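Please read it with the sequence and the model at hand.

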Amino acid sequence: MQSLELIQGYFNPKQLKVPLSFEIKIPFDSEARTFDEVFRRIDFRQYIETDRTVGRIGYNPVNMLKLILFCMMENITTLREMEKAAKNDIRLMWLTDELKPSHQTINQFIKERLKGNIEDIFHEINRYIINKEQIEVDKLYIDGTKIEANANKYKFVWKGSIEKFRDKLYIKITKQLEAMNERYQEMCIFFPLGETYEPETLMKIVSYLEIEICQKSISFVYGKGQRKTALQRDYEKMSDYHSKLTEYNHYIEVIGPSRNSCARTDEDATFMHMKEDHMRNGQLKAGYNIQIGVSNEYILHVDVFQDRSDYQTLIPFLEGYKKAYGFYPKYPVADAGYGGLKNYRYLKLNDMGLYQKYSMNSKDTSDKKYSSDPTRPVNFKKDNLGNYYDEHGEMLTFLWHSKRRVDINEALWTLQKEAR
C-alpha cells in the first residue's frame, strides 16, 4: 500500500512523451497534407513583396502566407483567431514550422507584404489542380445563391424614396432662396434660382452667410424665449439643406443605375429576397448574389454580384472566368434563370453553347396545346417580304411591343428558327 502511494506521489502525467514530431500525429488523409502538397508545387513568392526594412529578420513570409491561407480554408477569418490557431492547432504547427505570430504581425504582413488579391492566388491554385486532375475546363456548371450580409436589416435606403425626397428638397431650396432674394434686395444681393442644385452651390451660399455673420458680429441664440436673427435662420436652413442634399446625392451615387436599394451599414449590399424566409412574409434582407462555377466537383470560379437576378450575372461571370484562365468554357450549363435573348446572343458571339433553358421552356415543350396555339406570335406565318399573318390569313401591322415579354418571345423565335 505504501509503495502504491509512493508511485502515485512521484508520477507526473504531463511528462515528455514520444513522438516529438507533429507529422506523426497528423493522419495521412488529413486536409493539411493535401494543402501542403499543393503549396509546395506553386511558387507563392510572386505574391509577396520583398522586405526592404532593416533590423531584425522577420518571420518566414512563405510560412506566414501558408498560415493565412490555411486559416481561411478552415473559416478562421479574424486575426486574433489566427493567432490562437497558430499556437494550438498542431496542423498549423506542422505546416508553418511552429510559427506563432501575433495578430498585429499578421495584420502588418497582410497590409505590407502581400500584393495582388486573394482571387489571383485562388486561380493560381486552380490552374495547378486543372493540370494535375485533368479537369474538363470546357464544361462549367453555373449556379448562384443569395447570402445575407452582415448589415442592419432595419437601416435601408431605397433609391426611389431618396429621389423623391431630393425633388422635394429642391422645391424647399428654391422657396428659401426666393425669400432670401427678397430680404436682401436692398443690398443688391441675388442668389440664382434653378430646378436643381448642387451641394457646391449651397456651400458657397453658406460660406457667404458665415462671412456676413462674422462681419456683423451676430451671436447665435437657442432655446425658448430667444429670438433668432434672419441671418441665423437663413444660415441654419441652408446648412441643413446642404447636408441633406449631400447625403441624398451620396446614396444615389452609391446605389447606381443597376440597383434600387442599399444598406446604411453596408452600402455594397442590396436588399433582396433570401431563400430562407422563416417568417414567410417576403421579407427583404441586405445580401449578395454569389455565383459559382463548378467542373468535376472543383470550384473553378467565384464572383459576388449586387444584382438580385441571375440573368444579369451570366455575362460578367463568364468575362471574369475568361480573365482568370484566358478562355471561355465551351459548354456553360445553367438553369432557366440565366436564359434570355441577351445572354444567348453573347454566348453565340463567343462560340459557347446554349445550355441554358428559358423560363417558358417547360411549358413550350410539354404543353402541346399551348405550343401549337395559332394566336402566339411565334406561330404567325411569314411571307418573303417579312410580313406576318394571323391564323385567319390577315396581315398584321406592327404597333408596339411589350418590354416585359419581348426578350423571351424573341429568344424562343430564335431557337425555333435554328431548330428548323
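The buried residues of helix α3 pack against α4 (61–73), α6 (90–95) and α8 (118–133). Here, buried means under 20% relative accessible area, exposed over 50%, and partly exposed in between, with a 1.4 Å probe and protein chains only. Helices (H or I, at least four residues) and strands (E, at least two) are DSSP runs, numbered from the N terminus. This is a predicted model, in which local features need pLDDT of at least 70, side-chain atom pairs count only at pLDDT 80 or more, and totals for chains, interfaces and linings use all residues. Residues are numbered from 1 along each chain as its sequence is written, and side-chain values use heavy atoms, with hydrogens and water left out.

**Helix α3**

- Helix α3 covers residues 31–41, and its buried residues are Ala32, Phe35, Asp36, Val38 and Phe39.
- Seen down the axis of α3, these buried residues fall within an arc of 165 degrees, so they line one face of the helix; the arc is that of the directions from the helix axis to the C-beta atoms.
- An α-helix has 3.6 residues a turn, so residues three or four places apart point the same way.
- Arg40 and Arg41 are exposed and lie on the face of α3 turned away from its buried side.

- Asn63 belongs to helix α4 and is buried, with a relative accessible area of 8%.
- Not counting residues up to four places away in sequence, Asn63 touches Leu95, Thr96, Asp97 and Leu99, where contact means heavy atoms within 4.5 Å.
- His103 is located in helix α7 (residues 103–112) and is buried as well, with a relative accessible area of 15%.
- Leaving aside neighbours within four places in sequence, His103 is in contact with Leu79, Arg80 and Glu83.
- His103 and Glu81 are 22 residues apart along the chain, and their C-alpha atoms are separated by 8.3 Å.

- Strand β1 (residues 139–148) pairs with β7 in the parallel sense over three bridges; two strands pair if DSSP finds at least two bridges between them.
- Opposite Val333 in β7 stands Tyr141.
- Strand β8 (residues 355–356) also pairs with β7 in the parallel sense, over two bridges, and Tyr355 in β8 is the bridge partner of Val333.
- From β7 the chain crosses through helix α13 (residues 341–349) to β8, and this β-α-β crossover is right-handed. A crossover is right-handed if, with the strands pointing away from the viewer, the path from the first strand over the helix to the second runs clockwise.

- Strand β5 (residues 284–295) and strand β6 (residues 298–305) pair in the antiparallel sense over seven bridges.
- Val294 has Ile299 in β6 as its bridge partner.
- The two strands β5 and β6 form a hairpin with two residues between them, and Asn296 in the turn has a positive phi of about 50 degrees.
- Asn296 is not a glycine, and at 37% relative accessibility Asn296 counts as partly exposed.

**Another positive phi**

- Glu98, a residue other than glycine, has a positive phi near 60 degrees.
- Glu98 is found in the loop between α6 and α7 and, at 46% relative accessibility, counts as partly exposed.

**The chain as a whole**

- The secondary structure of the protein chain comes to 16 helices and ten strands.
- Of the 420 residues in the protein chain, 34% are buried.
- The protein chain has a radius of gyration of 33 Å, while a compact globule of 420 residues would have one near 22 Å; the radius is taken over C-alpha atoms, and the globule rule is 2.2 Å times the number of residues to the power 0.38.
- The C-alpha trace of the protein chain spans about 105 × 85 × 55 Å along its principal axes.

**Confidence of the prediction**

- The mean pLDDT of the protein chain is 86, and 90% of its residues reach 70 or more; pLDDT is the predictor's confidence in each residue, from 0 to 100.
- Among the elements of the protein chain, β7 has the highest mean pLDDT (95) and helix α16 (residues 406–419) the lowest (48).
- Over residues 405–409 pLDDT stays under 50, and the model has ten contacts beyond four places in sequence for them.
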